Amino acid sequence: MTVTVPMGAPAQAWTVWSPCGPDCVAHAAGRTPAIRALRRTAAFGRALVGAVARGGRIAEPETLRSHAAGLLTALGIRLEVAGDPALGTPAPTGTLVVANHISWLDIVALLAVEPVVMLAKREVADWPVVGPLAERAGTVFIDRAGLRQLPGTVREISHLLRAGRSVVVFPQGVTWCAGTGGDFRRATFQAALDAGAPVRPVTLEYLQHGAPSTVAAFVGEDDFGSSLRRVLRADGLTIRVRNHRPLLPVPGRDDRRTLAARAQARVCGTGPARHG
């Protein structure tokens, strides 16, 4: 059997990769008027300055949630929460929240629902304004190319869960324009098993006037500035956060592979993906 590897795909099977690129990104509705986009730009700038002015206090749960919600409002984005009313769930530990990954806005939307610890790629720390804010908010950064650091990251997540902190991870490891591509990577699920913590699957959807939209997707060689400009011109943009019932690891039955597969089925409505 001959397997054809798409152009741009990594040579190593373990490397995280997505075929999504700029061609996947499009408005699903007419662009908002330029004057409104300018007002949003000014409001977003004011919201960022306000968040920066908080300094280390931005990590306080209610402060973090309030500022995240304020950023979405400034951008003209409506937040819609479906399913269970909160990401967290009563437990002696924190909750490992696992979500599909589409955009940098995923992080803002999830923080606006529940003040959780985020796991993000190392590059986010270098983004202007957003990077320092993420660091102050307690984000755990991971080097996707540094596999040797992965066991230490898993231990750190497990420690946070045992301490009662809930942690958000994106098991796809990379963004997809529709959010349902790629297999869930298993490593971070080990943290839930080690801590005896529940796993909360969450599905993120982007809509414009009720129609599915890829306008907010942050994929391929996209840069933060270009993505932000598209979002500022997007009309009727809604982020829907759909919370599913928590998955409780079953002793003797679940390992990180089965737990990842169960979570992927909830989040994406499919089993493990297979790409040629």
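Colleague: Which residues of H1 are buried?
Modeller: In this predicted model, they are Ala-37, Arg-40, Ala-43, Phe-44, Ala-47, Leu-48 and Ala-51. Buried here means under 20% relative accessible area.

Colleague: What puts these residues on the same side of H1?
Modeller: The arc they cover around the axis is only 140 degrees, which puts them on the same side of H1. An α-helix has 3.6 residues a turn, so residues three or four places apart point the same way.

Colleague: Which exposed residues does the face of H1 turned away from its buried side carry?
Modeller: That face carries Leu-38, Arg-39, Arg-46, Val-49 and Ala-53. Exposed requires over 50% relative accessible area.

Colleague: What makes the length of H1 close to the expected one?
Modeller: H1 runs over residues 34-53, 20 residues in total, and its first and last C-alpha lie 29 Å apart. At 1.5 Å a residue, 28 Å is expected, and the value found is close to that. Gly-55, which follows H1, has a positive phi near 60 degrees.

Colleague: Which residues are buried in H5, and what puts them on the same side?
Modeller: The buried ones are Thr-153, Val-154, Ile-157, Ser-158, Leu-160 and Leu-161. They cover an arc of only 160 degrees around the axis, which puts them on the same side of H5. The face turned away from that buried side carries the exposed residues Arg-155 and His-159.

Colleague: What covers the buried residues of H5?
Modeller: The cover includes strands E2 (96-99), E3 (117-121), E4 (140-142) and E5 (167-169), together with helix H6 (189-195).

Colleague: Why does Asn-243 count as buried?
Modeller: The cut-off for buried is under 20% relative accessible area. Asn-243 has 4% relative accessibility, so it counts as buried. Asn-243 lies in strand E8, residues 237-243. Its C-alpha is 8.9 Å from that of Val-267, which is 24 residues away along the chain.

Colleague: What share of the residues of the protein count as buried?
Modeller: Of the 276 residues, 50% count as buried. The protein has 8 helices and 8 strands. Among contacts with a separation of 6 or more, 77% join residues 24 or more positions apart.

Colleague: Which elements each supply at least two residues of the lining of the second largest pocket?
Modeller: Strand E6 (199-208) and helix H8 (256-268) do. E6 gives the largest share, 5 residues. The lining has 15 residues, and those nearest the centre of the pocket are Ile-102, Ala-178, Leu-204, Glu-205 and Tyr-206. The space in this pocket is about 180 Å³.

Colleague: How many of the residues reach a pLDDT of 70 or more, and what is the mean?
Modeller: The mean pLDDT is 83, and 86% of the residues reach 70 or more. Residues 1-14 have pLDDT below 50, and that stretch has 12 contacts beyond near neighbours in sequence. Over residues 271-276 pLDDT also stays under 50, with 12 contacts beyond four places in sequence.

Methods:
Residues numbered from 1 in each chain as written. Predicted model: local features only at pLDDT ≥ 70, side-chain atom pairs only at ≥ 80, totals over all residues. Heavy atoms only, no water. pLDDT = per-residue confidence, 0-100. Contact = heavy atoms within 4.5 Å. Helix = DSSP H or I, 4+ residues; strand = E, 2+ residues; numbered from the N terminus. Expected span 1.5 Å × (residues − 1). Buried < 20%, exposed > 50% of the residue type's maximum accessible area, 1.4 Å probe, protein only. Arc of directions from axis to C-beta. 1 Å grid on protein atoms, 1.4 Å probe; cavity = no way out; pocket = protein on both sides within 12 Å on 5 of 7 lines; lining within 4 Å. Points joined across faces, edges and corners; volume = space filled by probe spheres on them.
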